[in-house]
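Here is a friendly walk through one model. Have the sequence and the 3D view at hand as you read.

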Amino acid sequence: MITREYEETKHILLNILKETQDKHGYLSEKVMKEISVKYKVPLARLYGIATFYMMLKTKQQGKYVIEICSSPSCVLNDSNTIENTLRKELGIDTGETTKNKKFTLIKTSCIGCCNEAPAMLVNGKPYTKLTSEKIKNTIKKLKNAN
Amino acid sequence: MQINKKTNLKAWKRAQEIGPNKILKILDKKGLVGRGGAAFPTARKWGFAKDAKADRKFVICNADEGEPGTFKDKSIFQNNGETIVEGILIAAYTVGAKRCFVYLRGEYEYLRKKFEKQIKDVLKKAKTDITIEVVRGAGAYVCGEETAIIQSIMGYRGQSQYKPPYPPVEGLWGKPTVVNNVETLTCAAQALIFDDWDPNLRLFSVSGNVTKPGVYELPLGVSMKKLVEIVQPKNKLKAMSFGCFGGIMPIDYDMIINNETICKEDCSHGAYTIILIDEKQNIVDICLSIARFYTYESCGKCTPCREGTIRLLNLLKKVKKGQATKKDLKIMDEFARHIQETSLCGLGQTAGNHIITALEHFPKDFEVFRHEN
């Protein structure tokens with residue numbers, strides 16, 4: 001039997017990383033080093049966690065992170081067209097960030113909005129029953145926002 | 001809907017009046033089983049943790065609802081958050097846990113603030129020293145698996161572990177831990193006080209090419225015909241899928257939906273997710289979506305799953321480009337079966353189902369693209 005070395009901690013590392021990301025936009029080497037020292041967790045382990053979870057980012061993201069759902073229910077409701085519209089409106093490919101660092105476009109697994117497909121998350125907020133028209137309006141609004 | 005009935009702390013009060021043993025007896029008699037998919041009797045799971053000797057015990061509410069096409073737990077959060085909290089408290093009281101966690105999937109972050117307030121309110125009214133913390137998931141499907149969720153909460157990569165030991169004996173920080181789905185915990189509170197609580201009612205998440213997608217509460221044993229009538233397809237239906245793990249089957253109106261028919265022999269999934277696909281769709285497109293899902297979500301621990309899912313996706317892309325040969329289709333089928341046989345957890349064991357079932361039932365959809373050879 002493998003000896004378990006786990007000791008109960010007060011702090012939940014995942015929450016700490018997410019809160020840090022909320023504050024800084026992404027987990028830079030600098031903030032990771034600070035967390036490592038403060039919570040006495042090896043930096044390598046922190047990177048292990050940060051690169052495991054899709055929503056933790058070690059590189060700078062756009063101000064608006066758009067996650068378009070690519071699961072079957074959304075695909076059946078033509079999310080591919082929506083994704084193409086997004087690419088065209090933003091002028092980037094999926095997985096990229098615009099040069100002005102305003103938008104990042106990502107494909108995501110199911111976001112649980114299957115009854116309102118196709119759907120996407122913009123900085124975690126759901127946008128549902130999408131059409132190309134709706135996308136164009138939303139992007140226009142976000143482009144004009146600060 | 002039964003699931004939306006509020007317990008208003010009456011279940012918590014009753015639990016304290018009757019004590020752990022009687023709670024287990026009632027839940028056992030009422031036939032409550034896990035609603036995450038495995039259908040394990042809840043009273044037995046709680047019983048293992050209750051009987052385990054340890055200085056600390058934990059309860060985890062699994063709100064990492066990630067199976068594509070599933071959105072039933074979200075609806076419970078939106079309609080009956082207080083009862084979820086009460087269910088967690090009852091589980092904790094029964095097994096003797098003081099610290100509880102709700103592992104909320106990152107995609108549901110927008111539900112967090114309201115739920116944290118509900119936790120605060122219920123705990124205050126319940127006058128208890130049990131604590132409940134929300135752990136913010138960060139987009140890893142595999143963390144819906146109980147050993148992976150435990151790794152994740154402890155601050156590690158969310159990778160599945162070998163069982164045994166099972167969590168009710170040795171879980172979070174090596175201590176007895178109950179991991180239950182959101183719906184299970186809600187039902188536990190309701191089953192305790194409502195005499196007419198019906199164990200056969202299930203939440204069905206229905207989506208796809210239908211005009212009325214949504215969460216429906218229906219009894220086990222309902223026919224596919226009835227369900228299709230309710231959700232009203234846009235066109236003639238061609239196929240059905242019970243989530244990515246279940247593969248893609250031809251639509252069967254005569255099918256009676258219950259645990260056995262959805263899961264067949266030894267499948268441990270099945271949260272009553274139903275995706276309906278109409279005849280305008282090509283199954284290869286759905287396979288591509290599912291294959292992409294598995295490449296994203298493979299945790300990387302088992303080589304056949306990590307590498308095999310990427311190969312399957314690449315082969316499907318080849319099919320779509322019209323470059324696949326007969327041999328490629330055969331290799332795809334072999335790969336899919338190989339991944340199933342050699343992976344540790346449910347993710348890998350089901351990662352090839354969509355390919356195997358699609359090739360078997362919808363060969364013509366592949367033929368459309370196939371290269372001459």
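The notes below look at a sheet in chain A and then at chain B as a whole.

## The sheet in chain A

Please keep in mind that this is a predicted model. In chain A, four strands come together as an open sheet with mixed pairing, and their order is E2-E1-E3-E4. Strands E2 (103-108) and E4 (125-127) of chain A are the edge strands: each has a single partner strand, so one side of each is left without a neighbour in the sheet. On average, neighbouring strands of this sheet are turned by 25° against each other, direction ignored.

## Strand E1 and its surroundings

Which way do E1 and E2 of chain A run relative to each other, parallel or antiparallel? They run parallel, and six bridges join E1 (residues 64-69) to E2(A). As an example of the pairing, A:Cys69 has A:Thr108 in E2(A) as its bridge partner.

A helix also belongs in this picture. Helix H5 of chain A, covering residues 79-90, lies across both E1 and E2 of chain A. Its direction is at about 155° to that of E1(A).

## Chain B as a whole

Turning to chain B, its secondary structure comprises 14 helices and 11 strands. The C-alpha atoms of chain B fill a box of roughly 75 × 45 × 35 Å along the principal axes. For its 373 residues, a compact globule would have a radius of gyration near 21 Å, and the 21 Å of chain B agrees with this.

Of the 373 residues in chain B, 52% are buried. Among the chain B contacts with a separation of 6 or more, 73% are between residues 24 or more positions apart.

Technical notes:
Residues numbered from 1 in each chain as written. Chains lettered and ligands numbered in written order. Predicted model: local features only at pLDDT ≥ 70, side-chain atom pairs only at ≥ 80, totals over all residues. Pairing = 2+ DSSP bridges. Helix = DSSP H or I, 4+ residues; strand = E, 2+ residues; numbered from the N terminus. Axes fitted to C-alpha atoms, helices over the stretch in contact; angles between N-to-C directions. Contact = placed C-beta atoms within 7 Å. Rg over C-alpha atoms; globule rule 2.2 N^0.38 Å. Buried ≥ 20, exposed ≤ 12 C-beta atoms within 10 Å, placed from the backbone.
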